[in-house]
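Biologist: Hello! Could you help me learn to read some features of a protein model?

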Amino acid sequence: MKILFVVNNFFCKGNGLDESARRTVQALREAGQEVRILSGRNLEDPDGEKPDYEMEEFDFPIIQPMLSSFGYHFAKWKGSQIEEAVRWADVIHMEETFFLHHAAMNIARKLGKPMVGTYHVHPENIVFNSLGFRGGFLFCQALYRYWCRVFYDNYQYLQCPTENVRERLIRHHVKAKCFTLSNGVIPDKCIRPATPPKDYFDPERPLDLIYIGRTAIEKDQPTLYKAIRMSKYAKRIRLHIAGRGPKLDEYTRMAEQLYEDGVVIYKPVVGFYNRDQLRKLAAKADLAVHCAYVEVEGMSITEAMQQAVVPIIATARYSGTATYALDNHSRFPAKDARALAERIDYWFDHPQKRWEMGFEYARSMEQYEIANCAKKLIQTYEFAIQEMNNNESHTHHFHLPVLSVLKHSSKQAGKRVA
């Protein structure tokens, strides 16, 4: 099967969308599929790997510095290579909803090519960081409706990384067949030792608490800082913030203020880590906190959980990450610092349970391994091609038993398809 991935910049580092695209493409190729990339040029390494169909970079006036701080770059959407790429493919996979994708979609419709998309970004992820929550709410709603009507209604299938995403799309009556399928995690051996270290139960030892994710408004690191001030374990907490983003300087100052105010006695460590460094950091951590109130899937927390660290995850209307939580002690209402402090104290009060539960979380990640997700994605491509060949409408009711499309209420949010 010939699969074309359309993505603004396949090579960007530091944002989950492009990292997910690279993982998926690699898994599809390992499964024997022929995959080509339509993308902007490699800005990370100009002399390195290039896309199969290379587009020039497009800089947004005024806001490009902000977009770059998120790790996002955009491609121009005019050029004969777009039609060349679409003509080559059996199926087109759309990773985003921007100008390049609109151009490729129009050509695909003209040529009768099936399209499958992945929902990667909420409009709130983009808008809240530029307009703020209140100023951006109405614009988010308008942008979401635009994406649904202009893009998603023209796809045969739309991958929803969490049930939270699928339910939102259904509420907007999207015509694409929406199915719940994780973006997938790379299998990673757990390097945490099977038994606790000798000082694990020492009431004086520091407790390592990590937060992995971009420093951005919707990631809401400040709620964690407030919770630490309320925790009875504050003096023992050694805080690690792993990530970068537009709020890096501001949130770093807020973290350091905990130390300057004497709330914590260990100076917080803020930095950007590669995958191997994150693995080692998570393997030694006592807790991993995720406060984001806008999050499609939150793959960063899965890498920590693979290393048997217990997570505490915010629940919010536009976040699906809490579906990873195995019990209510690992969930808290977004923006509720008091509730987060209570969860932190609970897990630090129960070190034996925390150790055992960490390995349960590591085992729970096995179902989301990228190879399993790629197999189900290949089945979706096959369905899309077959339907297009049979001239079947993509607006009718559908049932895909092999994809185990979920039909459960929000009360069952803990169950997901790998």
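Biologist: Is Phe 98 buried, partly exposed or exposed?

Modeller: Buried means under 20% relative accessible area, exposed over 50%, and partly exposed in between, with a 1.4 Å probe and protein chains only. Phe 98 has a relative accessible area of 22%, so this residue is partly exposed. Phe 74, at 8%, counts as buried. This is a predicted model, where local features need pLDDT of at least 70, side-chain atom pairs count only at pLDDT 80 or more, and totals for chains, interfaces and linings use all residues. Residues are numbered from 1 along each chain as its sequence is written, and side-chain values use heavy atoms, leaving out hydrogens and water.

Biologist: How many aromatic pairs does a search of the whole structure find?

Modeller: Rings of Phe, Tyr and Trp (its six-membered ring) pair if their centres lie within 6.5 Å; planes under 30 degrees apart count as stacked, over 60 as edge-to-face, and the rest as tilted. The search finds 16 such pairs. In one of them, Phe 74 and Phe 98 are edge-to-face, with 5.0 Å centre to centre and 85° between the planes.

Biologist: And what about the rings of Tyr 119 and Tyr 152?

Modeller: Their planes are at 40° and their centres 5.9 Å apart, so that pair is tilted. Tyr 119 and Tyr 152 are both buried. They also belong to one aromatic cluster with Tyr 144 and Tyr 155.

Biologist: Which ring does the charged end of Arg 244 sit over?

Modeller: A charge sits over a ring if NZ of Lys or CZ of Arg is within 6 Å of the ring centre and within 35 degrees of the ring normal. For Arg 244, the ring is that of Phe 272, with 3.9 Å to its centre. Arg 168 lies over the face of Tyr 318, 3.8 Å from the ring centre.
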